[in-house]
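Please study the sequence and the model shown here before reading on.

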Amino acid sequence: MNALTKNERQALSRAVLEIDVNNHPGVMSHVIGLFSRRTYNVEGILCLPVGDGACSRIWLLVNEDARLPQMMKQAEKLEDVIAIRRHHADHAVFSELEDFFRP
Amino acid sequence: MTETLTGAQIAIRLLERQGVRTVAGIPGGAILPIYDALGQSTVIHHVLARHEQGAGFMAQGMARATGQAAVCMASSGPGATNLLTAIADAKLDSIPLVAITGQVPRAMIGTDAFQEVDTYGLSIPITKHNFLVNSAEELLEVIPRAFEIALSGRPGPVLVDIPKDVQTQAIEIADWPAPGVRQMPPAADALAISEAAAMINASKRPILYLGGGVVHSGAASVAVDLANKANLPTVMTLMALGAMPVDHPLSLGMLGMHGARCTNLALDECDLLIAVGARFDDRATGKVAAFCPQAKIIHIDIDPAELDKIKTAHVGIAADVQEALERLSPLVSANPRREWNTRVDELKRDFPQHMPDLDLPLSHFGLIRTVAACLDDEAVIATDVGQHQMWVAQAYPLRRPRQWLTSGGLGTMGFGVPAAIGAALAEPQRTVVCFTGDGSILMNIQELVTAAEENVNVKIVLMDNASLGLVHQQQTLFYGERLFASQFKATPDFIKVAQGFGIAAVDLDSAANPCAALMEAIARPGPCLIHASIDVQQKVFPMVPPGAANRDMIGA
């Protein structure tokens, strides 16, 4: 993934993952580590606590890849992951943030 | 009635309540409060290893021999980093392990304090789960949970990192939590089970493919029953050896890189592969696209992430394999399957495992068979990693699940001696044999003195070719015979080394009657090193060259 040019990356289709997790230090490392140790780049990360703060929701923007179903299964196995859902790349959570990411 | 206890006392009490009776470890500054509490325990026996990796593998030996979660301990910093290899090994072979590490006090975390290392961060990719404990109160939840996670689903290692100030924090305890126990996964899908049964019933040339999950699940006897009922020729992975007795008429032994030719050729012809608790490891499958090219696949595994990971299954069942097989078996019709078994018998006759010099006790296969002749199936057979490991896998008559302890996934040299000590501590009534090589034994040689101190009944059979045999073999076969860094120019006198560490030693090279010397060494209680020189030119054959299809094996 890392060897692709910027244009090639943009041409790839994307997916958005919505992951409900327990909120404590280290959870982000567990989730992101699944991707980084497979050299699977995560293009975007958003995370905020939900409700009383016992849980958080992590939103990931990732490239579509044949490994994505396996990544989701591996994420489901993490003790601190409560649920994982997959959305299309056009999900509002990242597109509405684009204003904050102008070069 | 409440009592006031420190975090350290709580941790030890929780281990006692888990039923833990032996732990292996090494103390150090950041875990001293726990060691102080451990010293007061009247029920837990602490085994003082000489290197934390040794402690980790001793715990693995206990867990592999019994199926129960076992505990190792280390201090912060180098103590914790020294444990990592044993933890990673447990992850790859799905061994239930609870590793407890001391950490610097919370106020000093992140300051590069003395012996501070990010144990939590380092252990994320090699544990099933890990905890950094924030308060003495939290231990009441974390420690039972660590055991539950280690034992439930696909077993694995769990690390609990406990800062020193949490160990010394005193709190009032009124109630104790229930010990953590194995939680059963949801039952196998009934529709998938009946589909699998229909596929087996319709198949002409099925093969049952057993993996380590069969041993972990306690499913060996139900798997053998299924094979018997439907006359399924059966292959085993390295991790599953012993699940079906190797001399069972349906057994084809170990598949893959160093499997017998008949085993891999039978897989090439099968029309249905029934994978049970196996994960299609590359050492088992060879080139995946060419593995069982004509076969439909039924895949039963407790870990849903293993289904469709390497090979897409026609029927995938995520379930405890014992439960799944118990429900599958009644739906599978008895079938003599004469044509297919005749064909498999032909392959066995025409392409058997070649084992020369079985009657020479100083040949590699002869030594292994002579050791086997001294023992019954109650013995535990551990190995290190290398040529000796593959020869033992090929030649030792393994007949019992949990008889065989070997580092499969990670392939860790140095595993054998401490794992054998752990098995002997957990099952003192058994004789434990550790086959090792001159390369492997030096990687945890310091544990010989632990073996002497504990007076464990471990017989270390050292097959000495003064080289890193598998490297030597690959350089000879695939690197133009350019031998580099695979032959030792200096070798220790292993007899003196063993005696120096305080254990008995026998050199078969100089024995007037090697057979008698071996038999006597094995029969004598307590630890013993048995040394035998072997020929460096001997190869592990047959062999699937790296990247090749299993059918393209080389060598005899």
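Predicted model: local features only at pLDDT ≥ 70, side-chain atom pairs only at ≥ 80, totals over all residues.

Residues are numbered from 1 along each chain as its sequence is written, while chains are lettered from A and ligands numbered from 1 in the order in which they are written.

Chain A contains 4 helices and 4 strands; helices (H or I, at least four residues) and strands (E, at least two) are DSSP runs, numbered from the N terminus. Along the sequence these elements follow the pattern α-β-α-β-β-α-β-α. Of the 103 residues in chain A, 17% are buried. A residue is buried if 20 or more other C-beta atoms lie within 10 Å of its own, exposed if 12 or fewer, and partly exposed in between, with C-beta atoms placed from the backbone. Among contacts in chain A between residues at least 6 apart in sequence, 72% join residues at least 24 apart. Two residues are in contact if their C-beta atoms, placed from the backbone, lie within 7 Å.

Where do the two chains meet? In chain B, 10 residues are in contact with 10 residues of chain A. Both α5 (119-123) and β6 (129-132) of chain B supply at least two residues of the side that touches chain A. This side of chain B divides into 7 nonpolar, 2 polar and 1 charged residues. Here Ala, Val, Leu, Ile, Met, Phe, Trp, Tyr, Cys and Pro count as nonpolar, Asp, Glu, Lys and Arg as charged, and the others, Gly among them, as polar.

Chain B is assigned domain 1 (3-173), domain 2 (190-350) and domain 3 (364-533), with bounds that come from an automatic or database domain assignment. The C-alpha centres of domain 1 and domain 3 of chain B lie 29 Å apart, and their contact takes 24 residues from domain 1 and 26 residues from domain 3. On the side of domain 1 of chain B that touches domain 3, α3(B) gives the most, with 11 residues. By class, that side of domain 1 has 11 nonpolar, 9 polar and 4 charged residues.

Helix α3 (residues 52-66) of chain B also packs against helix α17 (residues 416-426) of chain B: their axes come within 6 Å and cross at roughly 50 degrees. Axes are lines fitted to C-alpha atoms, for helices over the stretch in contact, and angles run from 0 to 180 degrees between N-to-C directions. Among the residues that make the contact are B:F57 and B:M58 of α3(B) and B:I421 and B:L425 of α17(B).

Finally, the backbone deserves attention. Most residues other than glycine have a negative phi, and most peptide bonds are trans. B:R337, although not a glycine, has a positive phi of about 50 degrees. The peptide bond from B:F541 to B:P542 is cis, with omega near -5 degrees.
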